[in-house]
Amino acid sequence: MRRHLITGITLVGLCVLVVWAAMWGWRSLFADLPDTGLLAGDPTPACQPVHVKAGSKVRAKVVEVSVFNSGERQGLAGETLDALIERGFIGGEVGNAPRNVSVAKAQVWTTERGDPRARLVARQLGKKVKVHITKKDLGSGVDVVLGDRFQRLSKAPRAVTAKKAKQFCVPVTTETPNS
């Protein structure tokens, strides 16, 4: 008789637990979503605009760089991006350049004429590295394309002076101090 009583109490307890879990699940399923401050369909901002006045400094900490390998050396793009990050740059994408792109040493690509960010990145690669204006944007931020003859970063400043007023974007995931 005692065994039937314990079994009955256990079954009642389990039934109460199942009913409670079902009610909690039902309420959770149909509860209002938390307010995130964004309206439905609004994209999350990918970057924060930075305004640079003519004559002001553009520092590495507000420059995103993507590095691409156009040669045969394995890991060159990743190693170079790591070195740029150590200098304070924001890491972008890493990968291989398109097959039709061939670079002997290093090139800096940007889609904007007079981009001080591209000048700053080019200085890291060497005094003779030129900035190429291109319509082909390979990655986020300033693009670096490396060839097999590239050896290492050069001694270079961590900031350049903007010749003209510019506006560009810095990824939201990073701290974006005023430049």
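I began with helix α2 and its face turned away from the buried side, where I found the exposed residues Glu-79 and Glu-86. I note that the model is predicted.

Next I looked up the buried residues of α2, which spans residues 76-86; they are Leu-76, Ala-77, Thr-80, Leu-81 and Leu-84. I checked how they sit around the axis: they cover an arc of only 125°, which puts them on the same side of α2. I recalled that an α-helix has 3.6 residues a turn, so residues three or four places apart point the same way.

Which elements cover the buried residues of α2? I found strands β3 (64-69), β4 (90-96) and β7 (142-146) among them, and also helix α3 (116-125).

I turned to Gln-167, which lies in strand β9, residues 166-171. Is Gln-167 buried or partly exposed? I list Gln-167 as partly exposed because its relative accessibility is 46%, and the buried class ends under 20% while the exposed class starts over 50%. Setting aside neighbours within four places in sequence, I found Gln-167 in contact with Pro-49, Val-50, His-51 and Glu-112. I also looked up Val-52: its C-alpha is 6.0 Å from that of Gln-167, although 115 residues separate the two in sequence.

Last, I looked at the surface for nonpolar side chains. I found a nonpolar patch formed by Leu-11, Leu-14, Leu-17, Trp-20 and Trp-24, with about 580 Å² of accessible area together. I placed one of these residues, Leu-17, in helix α1, residues 2-30.

Methods. Residues are numbered from 1 along each chain as its sequence is written. This is a predicted model: local features need pLDDT of at least 70, side-chain atom pairs count only at pLDDT 80 or more; totals for chains, interfaces and linings use all residues. Side-chain values use heavy atoms; hydrogens and water are left out. Patches are made of residues with over 30% relative accessible area and no salt bridge: like charges are joined within 9 Å, nonpolar side chains (Val, Leu, Ile, Met, Phe, Trp, Tyr) within 5 Å. Accessible areas come from the Shrake-Rupley method with a 1.4 Å probe; for residues, only the protein chains shown count as cover. A salt bridge is a side-chain nitrogen of Lys or Arg within 4 Å of a carboxyl oxygen of Asp or Glu. Helices (H or I, at least four residues) and strands (E, at least two) are DSSP runs, numbered from the N terminus. Buried means under 20% relative accessible area, exposed over 50%, partly exposed in between (1.4 Å probe, protein chains only). Contact means heavy atoms within 4.5 Å. The arc is that of the directions from the helix axis to the C-beta atoms.
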